[in-house]
Amino acid sequence: MTEVTRTYDVTIKGLDKKGSGTATIRREEITGRNKNLKVSVPETLVGEEVRVTVPNALGRRRANILPDEILKRHPERVGPECPHFELCGGCVWQHWSYEGQLKEKHKNIVNFLKDKDFDPSVVQPVIGMNEDPWHYRNKMEFTFGKNGELGLHELGNFRNVIDLDTCLIAGKNMTAAMLIVSDWAKKHELPGYNKDTKVGLMRHLMIRESQITGEMMVALFTTDNPENHSNILNELVEKLTEQLPQIESIMWMKNTDIADRTQSEDTTILYGRDFIYDEMSGYKYRVWFDTFFQTNPVQAQKLVELAIEMAEANKEMKMIDLFCGVGTFSLPFANRVKELAGIEIVESSIESAKRNARDNDIDNTYFLAQDARRGMDKVLEEWGTPDLVLLDPPRSGAGGKVMRRIGRLQTDKVVYVSCNPETFAEDIVWLREFGYELKRVQPVDLFPHTVHVELVALMSRMEE
Ligand SMILES: C[S@@+](CC[C@H](N)C(=O)[O-])C[C@H]1O[C@@H](n2cnc3c(N)ncnc32)[C@H](O)[C@@H]1O
C-alpha cells in the first residue's frame with residue numbers, strides 16, 4: 001500500500017528536549033511492512049490525546065507536527081496569553097500552567113541527578129516568578145524576514161519570521177521600540193535579508209532595556225553602510241527618541257557575514273553612546289551590544305543571593321569566579337571576600353569586568369581573559385590558591401578537565417551555577433571523585449514559558 005498523508009489519533013507519552021510532546025505511530029509503508037514513526041508534537045502535554053496529520057514522507061522515521069486537535073486535554077492545559085503563540089518559536093510552554101512548568105523543570109533536574117546516582121532529595125522546589133512571569137527579558141533579538149516581517153522565527157522553521165505586534169516576554173518598552181522600527185522599515189520598503197539568496201538589507205534588531213536604570217539600546221544589523229540610507233535615518237532616530245526618551249543608544253551595525261548572528265563589522269552610533277548602564281544586586285554595569293548580561297535580572301539577582309548564602313564567604317577568603325563574564329557574581333562576592341580572581345574567555349567581557357569593578361570602587365579583584373582551564377593554571381601560579389571556587393559555565397558545561405582541576409584544589413566548598421541540569425550532573429560527577437558531596441540544589445526559573453531552568457548548587461568536601 002502506498003503511504004499517503006494520513007490522520008492519526010495518538011497519546012503523548014513524553015516530552016523531548018525542546019518541550020514538545022512525543023508519541024510513536026505504527027504505520028504501514030509502501031513495502032507493506034509496518035514501521036514506527038516517532039513524532040514530536042509541539043504545544044501538547046503528557047497524557048493528552050491529540051489528532052495529527054502526517055504528510056506523505058516515505059522512509060521517514062521522525063516528524064515534527066503541530067496538532068490538528070486536542071482530543072483529551074491535560075488538567076494543567078491553559079489558553080496561551082500571546083496571540084502569536086501557536087506559530088512563534090519564542091516560548092514553547094504557554095499552553096501549560098506556570099505551576100505545571102515549574103514542576104516539570106524540577107522533575108528534569110531530579111532525573112538528571114538520579115541518572116548519575118546523586119541524592120535527588122537535595123533539590124529544592126523551583127523559585128519561580130509566580131506573581132508575574134511575563135515581560136521579564138531585558139534583551140531581545142528580533143529578525144527581519146525576507147518579505148519585510150520583523151519578529152521571531154516560526155516554530156520549527158528558521159526560514160520563516162513571524163511578524164509580531166506584541167511579545168509577552170519582552171519588556172513592554174522593547175515591544176514599542178520594535179514596532180517603531182517595524183513600521184519605519186515597512187514604510188520605506190527596506191528589503192529583509194534572504195538567508196537563501198544572501199540578498200537584502202535588514203537582518204536583525206537587538207533591543208536592550210535596563211529594568212533598573214530604564215536606559216534602552218536599539219541596534220540595527222544590516223548588510224550596508226548607513227551613509228547609503230542617511231535620508232531616512234533621522235526620521236527613525238526622531239521617532240524612537242520622541243516616543244521613548246529613555247533610549248540612550250541607537251546604532252547601525254554592518255554585518256555581511258553569512259553566519260546568522262548579531263555581530264558587527266562596522267558600528268555607527270546614530271544617537272547617544274554605544275553602551276547602556278544597567279544595575280544588578282546594587283552594582284552598576286556598562287552593557288554593550290555584545291556583552292553577556294543576565295537576561296532576567298529579577299531572577300538573576302536571586303541566583304547571586306543564593307550563591308552568596310551557600311558560599312558563606314568571608315573576608316579571610318580568596319576565591320575564583322570561573323566563567324565570570326562581566327562580573328555579575330564577581331562584584332557582589334568581591335565585597336565579601338579578601339580577594340577575587342575572575343576568569344573568562346571573552347576579552348571584551350574581562351575589560352568590562354575590570355571597568356565595572358573600578359566604577360563600583362572595588363579594588364580587590366584580578367581578572368584574566370583566558371579559557372577556563374589554562375586560566376586556572378595561570379591564576380594559581382600568579383595569584384595563589386583559592387579557598388572557594390564559584391563557576392557559572394555556558395550550557396555545554398565546564399567539562400572533565402576543568403572539573404578535575406577544581407577537584408584537585410580541595411577547597412572546602414564549590415558553588416556551581418548552571419543553566420543546563422544535564423551538563424551540570426555530568427560535571428559534578430568529577431567533584432564526587434575528588435571527595436565532594438552534593439549538599440543543596442536550588443533551581444531558579446529565569447525563563448518562564450520555555451524549557452530552560454537555572455540552578456545554584458553547593459558541593460562540600462566530605463569529612464575524612
Ligand atoms: C553562563 S555565562 C556566565 C557569565 C557570568 N557569570 C554572568 O552571570 O554574567 C558563561 C560565561 O562563560 C564564558 N565562557 C565560555 N566558554 C568559556 C571557556 N572555555 N573559558 C572561560 N570562559 C568561557 C562565556 O563567555 C560567558 O561569559
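Which residue in strand 11 is the bridge partner of Glu141? Met206 in strand 11 is that partner. The structure is a predicted model: local features need pLDDT of at least 70, side-chain atom pairs count only at pLDDT 80 or more, and totals for chains, interfaces and linings use all residues. Numbering of residues starts from 1 along each chain, as its sequence is written. Helices (H or I, at least four residues) and strands (E, at least two) are DSSP runs, numbered from the N terminus.

- An open sheet of 7 strands runs in the order 10-9-8-11-12-13-14, and its pairing is mixed. Two strands pair if DSSP finds at least two bridges between them.
- Strand 10 (157-163) and strand 14 (266-272) are the edge strands, and each pairs on one side only.
- From one strand to the next, the twist averages 30°. Axes are lines fitted to C-alpha atoms, for helices over the stretch in contact, and angles run from 0 to 180 degrees between N-to-C directions.
- Strand 8 (residues 139-144) pairs with strand 11 (residues 202-209) in the antiparallel sense, over 5 bridges.
- Helix 2 (residues 172-187) lies across strand 8, strand 9 (150-154), strand 11 and strand 12 (216-222). Helix 2 runs at about 155° to strand 11.

- A second topic is the open sheet of 4 strands in the order 2-3-4-6, with mixed pairing.
- Strand 2 (14-15) and strand 6 stand at the edges with a single partner strand each, so one side of each is left without a neighbour in the sheet.
- Strand 3 (residues 21-28) and strand 4 (residues 34-41) form an antiparallel pair over 8 bridges.
- Gly21 has Val41 of strand 4 as its bridge partner. Arg26 is bridged to Asn36, also in strand 4.
- Strand 4 pairs with strand 6 (residues 62-64) in the parallel sense over 3 bridges. In strand 6, Asn64 is the bridge partner of Ser40.

**Helix 1 against helix 9**

- Helix 1 (residues 98-115) and helix 9 (residues 421-433) have axes that come within 9 Å and cross at roughly 30°. That makes helix 1 roughly parallel to helix 9. Angles under 35 degrees count as roughly parallel, over 145 as roughly antiparallel, 65 to 115 as roughly perpendicular and the rest as oblique.
- The crossing of helix 1 and helix 9 is right-handed. A crossing is right-handed if the near helix is turned clockwise from the far one by less than a right angle, and left-handed if anticlockwise.
- Asn108, Ile109, Phe112, Leu113 and Asp115 of helix 1 meet Pro421, Glu422 and Ala425 of helix 9. Contact means that C-beta atoms, placed from the backbone, lie within 7 Å.
- The contact of helix 1 with helix 9 divides into 5 nonpolar, 1 polar and 2 charged residues. Ala, Val, Leu, Ile, Met, Phe, Trp, Tyr, Cys and Pro count as nonpolar, Asp, Glu, Lys and Arg as charged, and the others, Gly among them, as polar.

**Helix 8 against helix 9**

- Helix 8 (residues 400-409) packs on helix 9 at an angle of about 30°, with the axes 9 Å apart. This crossing is right-handed.
- Helix 8 contributes Gly400, Met403, Arg404, Ile406 and Gly407, while helix 9 contributes Asp427, Trp430, Leu431 and Glu433.
- By class, the contact of helix 8 with helix 9 has 4 nonpolar, 2 polar and 3 charged residues.

**The ligand shell**

- The ligand is surrounded by 18 residues, and the closest are Phe323, Gly325, Thr328, Ile345 and Ala372. A residue is near a molecule or strand if its C-beta atom, placed from the backbone, lies within 6 Å of it.
- The shell around the ligand divides into 11 nonpolar, 4 polar and 3 charged residues.

Key:
Contact = placed C-beta atoms within 7 Å.
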